[in-house]
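Reader: I am new to this structure. Please walk me through the model shown here.

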Amino acid sequence: MQRLSTNLVLIVALALLDGSALAQQQFDGHWSIEAIPVRGTCKSAHHFRAVIENGTVRNGGTGKFNTAGGLEPDGRIRGSVQGSKTRVDVTGRLSGRSGSGTWTSAGRLNCSGRWDAEKRN
């Protein structure tokens with residue numbers, strides 16, 4: 001009986017994990033992101049590419065920056081992007097093939113703004 005209940009717990013846990021991964025897979029693919037400054041010293045919009053795989057966001061372009069944080073199954077994003085001397089904290093939400101949110105930078109540039117994203121494939 002104990003073995004049966006242990007197996008049942010494992011099956012339920014795996015099903016929940018698979019459901020979470022499946023929910024995140026709807027966002028898998030290549031994304032185009034536009035970051036628009038609203039306050040501070042940043043003056044022009046910047047365009048970036050990102051790739052999402054199983055809820056993990058990584059650089060999809062040629063620039064050198066690192067990402068941390070992640071994507072929740074419901075599309076909420078919370079993380080940061082670290083470039084040479086600037087860190088940008090990002091929050092927002094993806095829904096279907098688009099998304100939006102806000103960003104704040106710290107380091108050599110102090111500014112904030114909004115971002116818009118579009119799934120490319």
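Reader: Which residue stands opposite R39?

Author: In this predicted model, R39 faces S112, a residue of β8. Residues are numbered from 1 along each chain as its sequence is written, and strands are DSSP runs of E, at least two residues in length, numbered from the N terminus. Local features need pLDDT of at least 70, side-chain atom pairs count only at pLDDT 80 or more, totals for chains, interfaces and linings use all residues, and side-chain values use heavy atoms, without hydrogens and water.

Reader: How many bridges join β1 to β8?

Author: Nine bridges link β1 to β8, and the two strands run antiparallel. DSSP must find at least two bridges for strands to count as paired.

Reader: What is the order of the strands in the sheet?

Author: The open sheet has eight strands, ordered β3-β2-β1-β8-β7-β6-β5-β4, and the pairing is antiparallel.

Reader: Why is one side of β3 and of β4 left without a neighbour in the sheet?

Author: β3 (56-59) and β4 (66-71) are at the edges and each has a single partner strand, so one side of each has no neighbour in the sheet.

Reader: Changing topic, which residues touch the most other members of the largest nonpolar core?

Author: L94, W103 and W115 do, in a core of 14 residues. Such a core joins buried (under 20% relative accessible area, 1.4 Å probe, protein chains only) Ala, Val, Leu, Ile, Met, Phe, Trp, Tyr and Cys residues through side-chain atoms within 4.5 Å.

Reader: Which elements give two or more residues to this core?

Author: They are β1 (29-40), β6 (86-95) and β8 (111-119).

Reader: And what does W103 touch?

Author: Leaving aside residues up to four places away in sequence, W103 has contacts (heavy atoms within 4.5 Å) that include A35, I36, P37, V88, V90 and W115.

Key:
Buried means under 20% relative accessible area, exposed over 50%, partly exposed in between (1.4 Å probe, protein chains only). Helices (H or I, at least four residues) and strands (E, at least two) are DSSP runs, numbered from the N terminus.
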